[in-house]
Amino acid sequence: MKKTTAVVSSALLLGLLAAGCGNSNEGAPAASTAPAASTAPAASVAPAASTAPDASAAQYKDGVYKAEGEMDAKSGWKPTVEVTVSNGAVSAVKFTGVDKDGNDKQQFSKDGKYGMKEKNPSALAEWHEEVAKAEQYYIDNKGAAPAFNAEGKTDAISGVSISVGEYWTLAEKALEQAK
């Protein structure tokens, strides 16, 4: 009896997994339910989990597309995204920011001027190192968003403790220009 129950349960589980992985809309653009960028500070924008369109499935016009968020009065940085499309698919993405003086946040961090680890000893790495992992996750997962909390943080990207949720929303906004 136990053996039969185990076999039936396993078969049912495999069937559910296979059904869940199927896509009856193959070739059609995915509908987006991610919220549009708002005028609220970066920490308050958090896209829903896995709602970004599959950036490699849609055919985009080749080029470099940019989007920016609102200046965060607390941090002094405005989030920006640059998405590169080659052969109709996203080939590169840059998540960064700009301050009132025009400094690029990634370069600012690389130059040792941001000092995230100095300000917060519990930080996993410097800002530019963490955001590079988020960019790689974006490329590896073809733009699919991980689950973000209300602050735009996620546990899905190993080594990333910073808020990165708004970058997915901005990347989607940038890709709207490429359609």
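Predicted model: local features only at pLDDT ≥ 70, side-chain atom pairs only at ≥ 80, totals over all residues.

Trainee: How many salt bridges does the structure hold?

Mentor: Side chains of opposite charge can pair when their charged atoms come close. The term here means a side-chain nitrogen of Lys or Arg within 4 Å of a carboxyl oxygen of Asp or Glu. The structure holds five. One of them joins Lys66 to Glu82, with the closest N and O atoms 3.6 Å apart.

Trainee: Which parts does the pair of Lys66 and Glu82 tie together?

Mentor: Lys66 lies in strand β1 and Glu82 in strand β2, so the pair ties together parts 16 residues apart in sequence. Strands (E, at least two residues) and helices (H or I, at least four) are DSSP runs, numbered from the N terminus. Another salt bridge pairs Glu68 with Lys78, the closest N and O atoms being 3.2 Å apart. This pair also links distant parts of the chain, with Glu68 in strand β1 and Lys78 in strand β2, ten residues apart.

Trainee: Is Asp99 buried or exposed?

Mentor: Buried means under 20% relative accessible area, exposed over 50%, and partly exposed in between (1.4 Å probe, protein chains only). Asp99, found in strand β3 (residues 89–99), is buried yet has no salt bridge. The nearest side chain of opposite charge, Lys100, is 6.6 Å away; Lys and Arg count as positive, Asp and Glu as negative, and His and the chain ends are not counted.

Trainee: Which backbone nitrogens does the side chain of Asp99 reach?

Mentor: The side chain of Asp99 reaches the backbone nitrogen of Asp101 at 3.0 Å. A polar atom of that side chain also lies 2.8 Å from the backbone nitrogen of Asn103.

Trainee: And the largest nonpolar core: which residues touch the most other members?

Mentor: Such a core is a set of buried Ala, Val, Leu, Ile, Met, Phe, Trp, Tyr and Cys residues joined through side-chain atoms within 4.5 Å. Of the 32 residues in the largest one, Val81, Val83, Phe95, Tyr138, Val164, Trp168 and Leu175 touch the most other members. The largest share, six residues, comes from α5.

Terms used. Residues numbered from 1 in each chain as written. Heavy atoms only, no water. Polar contact = N/O pair within 3.5 Å; in protein donor to acceptor, adjacent residues only side chain to side chain.
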